[in-house]
Amino acid sequence: MTIAVDVAKRLGAFELRAAFRSGERLAALFGPSGSGKTTLVHLVAGLARPDAGRIAVGDTVLFDSAAGIDVPRHRRRIGYVFQDARLFPHLSVRSNLLYGRWFTRATEGEPNLDSVVALLGITHLLGRRPGALSGGERQRVAIGRALLARPRLLLMDEPLSALDEARKAEIIPYIERLRDEAGIPILYVSHSLGEVARLAADMVVLDAGRVVAQGEPLAVARRLDLLPAAAEVEPGRFLDVVATRRDERYGLTTLVLEGGEIVVPDLDLSLGQSVRLRVRARDVMLALERPVGVSALNVLAASVGTARPDGLSGMEVSLDCGGQELLARITRRSFDELRLAPGMAVFAVLKSVSFDRRFGEDADARPVAPTGGSP
Ligand SMILES: Nc1ncnc2c1ncn2[C@@H]1O[C@H](COP(=O)(O)OP(=O)(O)OP(=O)(O)O)[C@@H](O)[C@H]1O
């Protein structure tokens with residue numbers, strides 16, 4: 001089902017003029033704080049009224065200023081999951097779940113209590129009150145309540161941002177199931193690129209009230225020039241390197257930094273030229289000895305700095321690489337097995353790198369005209 005939005009709304013000094021269309025099961029609205037994400041979902045939900053424009057979900061027009069259509073909020077059938085679960089504390093989980101249902105009539109094939117609690121793994125919680133649930137469990141109940149109101153669209157506004165890393169990791173698989181099994185399109189607001197990359201097939205990037213890019217999340221993220229400067233991009237670090245050799249035969253360029261060399265497919269660089277590489281944490285593997293017989297061409301000597309959980313199932317390890325910082329994302333198990341500790345000498349194996357400048361068009365990532373928006 002396609003969500004089609006083209007709206008203009010002024011709020012004091014802030015002006016939202018945003019247009020996008022997405023047919024994916026889960027589309028993410030991504031952008032830095034203050035870019036207008038919440039304002040946009042309020043307009044879709046009917047919590048605020050656009051100054052002008054059109055909003056449609058599938059064949060249903062929810063708002064059309066030109067045609068004089070403005071479906072009231074309670075008739076839009078839009079489920080809304082907020083950052084905090086907003087459950088009724090005096091009601092059991094079961095009663096909270098059924099609350100939204102009172103307003104709609106049951107139709108065959110639509111979600112029922114049994115299927116929703118099974119989908120979200122909350123069957124064993126039905127008799128409890130919200131005060132006796134973890135943050136992740138409360139959020140799953142809030143999602144269940146929204147689903148049981150039989151929405152035509154589910155809006156999720158930073159549903160994980162109030163949770164700690166362990167709870168986030170616990171709830172993400174349920175959101176994936178929801179996306180794949182519930183048959184309801186989801187518009188998912190986030191300013192975490194990691195979250196968006198994992199959940200969404202389509203990412204709409206907002207910056208200062210405008211849609212500035214849209215596309216497959218990792219393709220958009222590879223084009224750093226399409227992301228707002230303040231956006232939280234996938235964890236990684238930049239390395240400053242110098243082009244020193246070209247290998248005509250294999251079409252490779254060698255880049256040098258203290259700690260080693262990086263060989264990349266031929267870049268149009270002159271020898272001696274400096275370039276800045278972006279190395280994503282998930283493209284860095286760690287070894288205690290210099291690996292031999294691996295296909296990756298790039299092995300750098302480094303020493304371990306600090307390490308912290310990455311919020312999913314791994315660890316982010318910072319490395320000192322000849323005075324420059326690299327970040328590696330590895331599994332917690334590898335972290336324990338390698339017995340990594342600050343100051344330890346290791347070798348970083350780089351699986352791939354990208355460049356902080358335009359170097360060719362990416363078909364899946366497209367900039368959007370900055371004037372997007374209605375009248
Ligand atoms: N009622 C209002 N009157 C004036 N300005 C407002 C009003 N509501 C929001 N704004 C401004 O509109 C801008 C967009 O706010 P919005 O909450 O949509 O951003 P956001 O992208 O959701 O941010 P965050 O990620 O921090 O939630 C902000 O600059 C905000 O201060």
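Let's start with the sheet towards the end of the chain: five strands form an open sheet with antiparallel pairing, in the order β16-β20-β17-β18-β19. Two strands count as paired if DSSP finds at least two bridges between them. At the edges sit β16 (284-287) and β19 (324-331), each of which pairs on one side only. On average, neighbouring strands in this sheet are turned by 45° against each other, direction ignored; the angles run from 0 to 180 degrees between N-to-C directions, and axes are lines fitted to C-alpha atoms, for helices over the stretch in contact.

Before I go on, two housekeeping points. This is a predicted model, so local features need pLDDT of at least 70 and side-chain atom pairs count only at pLDDT 80 or more, while totals for chains, interfaces and linings use all residues. Residue numbers start from 1 along each chain, as its sequence is written.

Back to the sheet, pair by pair.

What does β1 pair with? With β2, for one: β1 and β2 (residues 14-22) are antiparallel over nine bridges, and V5 stands opposite F20 in β2. These two make a hairpin with two residues between them, and G12 in the turn has a positive phi of about 60°. β1 (residues 3-11) also pairs with β4, antiparallel over six bridges, where V7 has G53 in β4 as its bridge partner.

β4 (residues 52-57) and β5 (residues 60-64) are antiparallel and joined by four bridges, with A56 opposite V61 in β5. This hairpin has two residues between the strands, and G58 takes a positive phi near 60°. Next, β5 pairs with β6 (residues 69-70), antiparallel over two bridges, and D64 stands opposite I69 in β6. The β5 and β6 hairpin has four residues between the strands, with G68 at a positive phi near 70°.

Keep G12 in mind, as we come to the ligand. Which residues surround the ligand? They are L11, G12, F14, G31, S33, G34, S35, G36, K37, T38, T39 and H191, where near means that the C-beta atom, placed from the backbone, lies within 6 Å. The largest share of this shell, three residues, comes from helix α1 (residues 37-45).

α3 (residues 113-120) and α4 (residues 135-148) pack at an angle of about 150°, with axes 10 Å apart. On the α3 side we have L113, V116, V117 and L120, meeting R140, I143, G144, L147 and L148 in α4; contact here means C-beta atoms, placed from the backbone, within 7 Å. The residues of that contact divide into seven nonpolar, one polar and one charged.

Last thing, how far do we trust it? The protein chain averages a pLDDT of 83, and 85% of the residues score at least 70; pLDDT is the predictor's confidence in each residue, from 0 to 100. Over residues 356-365 the pLDDT is below 50, and this stretch has 19 contacts in the model beyond near neighbours in sequence. Residues 370-375 also stay under 50, with 22 contacts beyond four places in sequence. For the complex, the predictor gives an ipTM of 0.94 and a pTM of 0.67.

That's my tour, so over to you.

Technical notes:
Two residues are in contact if their C-beta atoms, placed from the backbone, lie within 7 Å. Ala, Val, Leu, Ile, Met, Phe, Trp, Tyr, Cys and Pro count as nonpolar, Asp, Glu, Lys and Arg as charged, and the others, Gly among them, as polar.
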